Amino acid sequence: MHIRALCYPLLKHFMMKKNIALLSFYCLPMAVFSQLIAPGIIKDIRTEEAISGNRETILWSEDFADGIEGGWENSDAGGVAYWEYRGPFTNPTNEVGSRGLCTDASAPGNVIESPSWGNGFVLFDSNWWDNPDLPCTLGNFGTGPAPAPHLAVLTTPSIDLSSNPDIALRFNQFVRNYDAEMRVEVSANGGPWQTVFDNSSTPALSATDMTVQIPISSAAGGQSDVKIRFVFEGTYYYWQLDDICIVDIFANDLATRQTTFGDFDLSNVNNPTGFEWLEYTKYPDEMAPLLKFSTQCDNVGSIAQTDCRLNVEVVDVESDAIIHTAQSTEGFDLQPGASLELNVSDFQMPNAQGFFHLHFATSQTETDENEMNNADTAGFNITDCVYARDYGFTNAVFVATPELALLDYEIGNVFLPTAANQSCYSISVAIASGTSLPSTVYAKLYEFDAQESIVANEIGETSAVSITTEMFNSYGEGTFLHLLFDAPIPVENGNAYLAVVGSTDGADNVLIAFSGSSPESTSWVRFLPNQWFYLTAVPMVRMNFCTSISVEEVTSGESTFSVFPNPASTEINLDLIRFLNEEAFISITDDLGKRVMEQIMPKVNSASRSIDIESLPSGVYFIQVQNEKTKMTGRFLKM
């Protein structure tokens, strides 16, 4: 792992239902092999192939470790504004992205975060070529060495794909666009250039690492002289590229992504508060969710797929009973590279407590040749009274910028009660290791509105509680401190509430644990008196609607067990002696909380069990074995 960039706020786009610009803070993943909490962002160390989830052979690749090599063509219509290479030893280095922004060129969020960004990447920096000195001063536009508009083309060497009829182009990009067209074109055997991709549907400011995969079999499959070019045409901002490759793909291959059992859309004018249909990890039984199933279905194969549908199952984990199944009522045909949202009808969960799994799978008329990527799972608990959005184990910690670090602050999540006659008895929080002692925390509950501007009306506050080391959470842990109100706080069905924990000791001294990613504007930090920022990860802050939770949460029968070998590359072994002659459920989640493997054992008949993990990408994983009586957890590193 490597650490890059200090943790600073990033200006987000204007939210569709608001006339205010907000800042989003990154959250710092906690170091796996150290107690140190580093002030930066730890990048994903999984390989590009592992992230994709496909079985594929890389036929040709370029990661720009040696710059823009001689076989590439780098041209510009004006002969001045070329594509540039950023590497560890260039000037500027690969720690600098665009030099033509209105902010510090070395600030976080200005550099592509591709898997191999460390050995270099390429970019076309339209702003800088137009005006390198004062890019934000209107009178200086067009005063640079190559005034906009620009037409800059970066072309690969000739690639022989004569033995490969089923192929796709994949690359990592970081885009910021004002008035430019950024497109990818392919030519075979000296023939005309065909546009196979453009960034017209990409957000004006994309994610810092956006992976694009485009089936190009019809344009280049089986051809002996293939060239690919990246064309920037227009005015302003930049296009950063890295890890370009051509891969051998399947003919029939559907893939799922962005599966959801909610329908959260802050910009939907039909949603009274904007926070309707958020996904939660724990629901009080009187607020059992109405499930709204959908997935984004991609045809990543080389030929058209017909009658594409979404299939779902809802499974009660304890009994292994399927309590609901559904399929899309209409099938759709998808051309190579096409994507479509698939849905099935809604399902109202019963008010029964338990742990439930949701299984999503796409199907088509053709036989899918790669079933590894056309299914996904999700899960949630229905409990007596806990309302939560975190995954229950710590995988990040909030780090404020230096100018804010010592201010009084409050941090938490938006919740939307969906049942009448409810009252909030307490708010729970997971305190992260590294918190300074002595320190205190309190909790508050606000009525919350963010339709036009941020309105937070306080309706309850707890007493401050002193933090002790027994409350600390290191990576993978989930111990909660429960902050009780003097009297229950009534809440109204359908109103949005912000549950926060706060401290007068400042964010630099009181560290709050995080778990999972947060949809835009649904998790917040406030530096008092009134500096609001939304967060891209979920603080481990929960609402509780009953009195049955103790002051310090301890789950009956839960303990940890060893996983060996650890680290492991092909398989792990579990000691299951406490589960002999009993049923047990095994689940494995990655460090983002996504369930990647599960097994149900009707009866454990051996004190140990081997689990094949060879197909898992490299990274840290959490494993849980449980039944009615016992729950045990462990952690391992897949090499």
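**Close-up views of a predicted model**

**View 1. The second largest pocket and its lining.** The second largest pocket holds about 310 Å³ of space. This value, like every other in these legends, belongs to a predicted model. The lining of the second largest pocket is made up of 21 residues. Those that lie nearest the centre of this pocket are Trp277, Pro289, Leu290, Tyr387 and Thr418. By residue class, the lining comprises 13 nonpolar, five polar and three charged residues.

**View 2. Strand S11 and its pairing partners.** Strand S14 (residues 226-248) runs antiparallel to S11 and is joined to it by 20 bridges. Within this pairing, Arg176 has Tyr238 of S14 as its bridge partner. S11 also runs antiparallel to strand S13 (residues 210-215), with six bridges between the two. Here Ala168 is the bridge partner of Pro215 in S13. A further antiparallel pairing, of four bridges, connects S11 with strand S12 (residues 194-198). S11 and S12 form a hairpin with five residues between the strands, where Asn189 adopts a positive phi near 55 degrees.

**View 3. Strand S19 and its pairing partners.** Strand S19 (residues 305-316) is joined to strand S24 (residues 354-363) by eight bridges, and the two run antiparallel. S19 also pairs in the antiparallel sense with strand S20 (residues 321-327), over six bridges. Asn311 has a bridge partner in S24, namely Ala361, and a bridge partner in S20, namely Gln327. Two bridges link S19 with strand S21 (residues 332-334), again in the antiparallel sense. At this pairing, Gln305 is placed opposite Leu334 of S21. S19 and S20 make a hairpin that has four residues between them, and Asp320 in its turn shows a positive phi of about 60 degrees.

**View 4. The disulfide and other cysteines.** The count of disulfides in the model is one. The bond joins Cys385 to Cys546, with an S to S distance of 1.9 Å. This pair links distant parts of the chain, 161 residues apart. Cys385 lies in the loop between strand S25 (375-383) and strand S26 (386-387), whereas Cys546 lies in the loop between strand S41 (541-544) and strand S42 (558-560). Cys385 and Cys546 are both buried. Cys297 is in no disulfide, and its nearest cysteine sulfur, that of Cys308, is 5.2 Å away. Cys297 counts as buried because its relative accessibility is 0%, and Cys245 counts as buried because its value is 1%.

**View 5. Two nonpolar cores.** The largest nonpolar core contains 82 residues, and Phe398 and Leu445 have the most contacts inside it. Another core lies apart from the largest one and contains 36 residues, among them Ala81, Phe171, Ala220 and Phe230.

View 6. Ala584 is located in strand S45 (residues 584-590). Buried means a relative accessible area under 20%; Ala584 has 3%, and is therefore buried. Ala584 and Lys603 are 19 residues apart in sequence, and the C-alpha to C-alpha distance between them is 7.0 Å.

Note on methods
Residues are numbered from 1 along each chain as its sequence is written. This is a predicted model: local features need pLDDT of at least 70, side-chain atom pairs count only at pLDDT 80 or more; totals for chains, interfaces and linings use all residues. Side-chain values use heavy atoms; hydrogens and water are left out. Two strands pair if DSSP finds at least two bridges between them. A disulfide is a pair of cysteine sulfur atoms within 2.5 Å. Buried means under 20% relative accessible area, exposed over 50%, partly exposed in between (1.4 Å probe, protein chains only). On a 1 Å grid over the protein atoms alone, a cavity is a set of points where a 1.4 Å probe fits but cannot get out, and a pocket is an open set with protein on both sides within 12 Å along at least five of seven lines; lining residues have an atom within 4 Å of a point. Grid points are joined across faces, edges and corners, and a volume is the space filled by probe spheres set on the points. Ala, Val, Leu, Ile, Met, Phe, Trp, Tyr, Cys and Pro count as nonpolar, Asp, Glu, Lys and Arg as charged, and the others, Gly among them, as polar. A nonpolar core is a set of buried Ala, Val, Leu, Ile, Met, Phe, Trp, Tyr and Cys residues joined through side-chain atoms within 4.5 Å.
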